[in-house]
Amino acid sequence: MSKHNDSYTSTIKITKDYTVDYKPIEKTAFAEFIREKRKEYNEDTGKEISTSELGTMIGIKYEMFRKILNQEKPTKKRDCIIAICVALQLLPGEIDEALGLYQYMPALDQYNPRDGFITSQITGSPGLTVAELNQRLIQRGFPGLDIQDKRDGKKKNTVDAIMNMPYKVLELKVRTPIDSDYYYGDQYNSLSTRYDPFNCRCTGDMILGDPKRKKYIHLVASTDGYLSSQIYKIDDFPTSYKSLEDTGDFKDYFIELINAVNVEKRHLLGILDDTKNYQHRTSARLIGDSICIFTEEFNYSIPEMNEYYLLLLVSGKYQLKVFDRSAFMHYYLSEEKFSQFYGSKNLEPKEIYDSIEQLDELIEKSDKYSEESVKYRMRKRAFIRLQPHVDELYAALKNNQEYINNLEYIYDNPADTLRYYKIEDDFECIYDEYGEICDSLKEKIYTQADGKAVTITLDDIFAAFKFGFPSIEEIRRIKADYGSISAVFQ
């Protein structure tokens, strides 16, 4: 929920000669950070939370809380800093930043079970309160939040929320089903679905014990929204739920289970976002008015450089881009879809080369054994090595051996593309007794905003689907501007 704040930077910088340039953190840095985040919280929620009220939210009186914030009486309790951040709805990365600003406290450690659980609750439960986090920690068998120093007197109990958790959690497991999508490959045989984040599905199982009735309850939750429960005393089918609000007494258990499977899904999405895990990847997508073919690989020759080579082919022109992190999914997904799964991340290449000839000129101008010469030679080898990958996919797309969307595999009835583009009414579709499209107009004349008439045929719709056109508006515009749908592939 909170916005990224660029005013806080690392205080340790590694210089080019590998010496450490250390700059101590100002004592006021943490208080300024929290003040800024409190303002963002107030703007986002429409509330006016004061410093005093923030202290109350974590159970500390104003005067002591103010001294903790300003480090007049710095706390040694790491949980206190975490609780302040949770109260302000900060994300794990922001919590790490806050911990670093407060006497270099260690960041959240995903390999520490308690820290990992805290992270899962924060990311999986928007609006999570300090009291709810404390309750869930205790319920899972972890120590509750240790917020106040002993010198501050008797510790206050921050567990204000009454949670409906009458059962004992006996077991919780999260799994990634290795089904047909992974073992047999993409069932749609399409470039657009080969690396689709929707394929990252995870399922969680929780076994609850009911000591009063001597029975066991099996809960199942999946990242695709599936929720079910089954009581192991009655020979019955599982009960499925339409929403979390329908789960009754199991709601808080499902919240924990959903959080657990979402943590696993984020792990899978992280793997998907790094070509290092695939050796190299090649795909294509309609970007702007052209089909863009791209391939990426990690620099395995000198992995210490931590760089990725991405070669593009657009309108017959090649371009090599060098990134310091994997950029494949930025090109594979639309901006909206990438933001949905990975958030808004600006990714700019650190170097761009338009041809092998350009690299030859740079090599010629540099000293033979210099660092620059070695770098340009690596870039040239990458350019040459990756070029066949985009050339092969270009040929396969042109010869109808590969498709961005494979119409034959995705739809049994090609006319269902009219549903995909939501233009059944435009083409006056006729439906059979099962609700399937059985006939429609063969073409439709649209009028563009500039008054120009453009005729869109069913064949245009089929071709546009195969090329990955996102909407009927794009189909109409491309046909009007360029005369044919296939122009995007020229």
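**View 1. Lining of the second largest pocket.** The lining of this pocket divides into 13 nonpolar, seven polar and five charged residues (Ala, Val, Leu, Ile, Met, Phe, Trp, Tyr, Cys and Pro count as nonpolar, Asp, Glu, Lys and Arg as charged, and the others, Gly among them, as polar). This is a predicted model: local features need pLDDT of at least 70, side-chain atom pairs count only at pLDDT 80 or more, and totals for chains, interfaces and linings use all residues. Residues are numbered from 1 along each chain as its sequence is written, and side-chain values use heavy atoms, with hydrogens and water left out. The volume is about 740 Å³, taken as the space filled by probe spheres set on the points, which are joined across faces, edges and corners. A pocket here is an open set of points on a 1 Å grid over the protein atoms alone, where a 1.4 Å probe fits, with protein on both sides within 12 Å along at least five of seven lines; lining residues have an atom within 4 Å of a point. Closest to the centre are Ser-334, Lys-337, Tyr-420, Gly-468 and Pro-470.

**View 2. The open sheet β3-β4-β5-β6-β7.** Its five strands pair antiparallel (strands are DSSP runs of E, at least two residues; pairing takes at least two DSSP bridges). Edge strands β3 (168–175) and β7 (239–240) each have a single partner, so one side of each lacks a neighbour in the sheet. Five bridges link β5 and β6, and Leu-219 has Ser-229 as its bridge partner in β6.

**View 3. The open sheet β8-β9-β10-β11-β12.** Here, too, you will find five strands with antiparallel pairing. Strands β9 and β10 share seven bridges; Phe-294 is partnered by Leu-312 in β10.

Methods
Helices (H or I, at least four residues) and strands (E, at least two) are DSSP runs, numbered from the N terminus.
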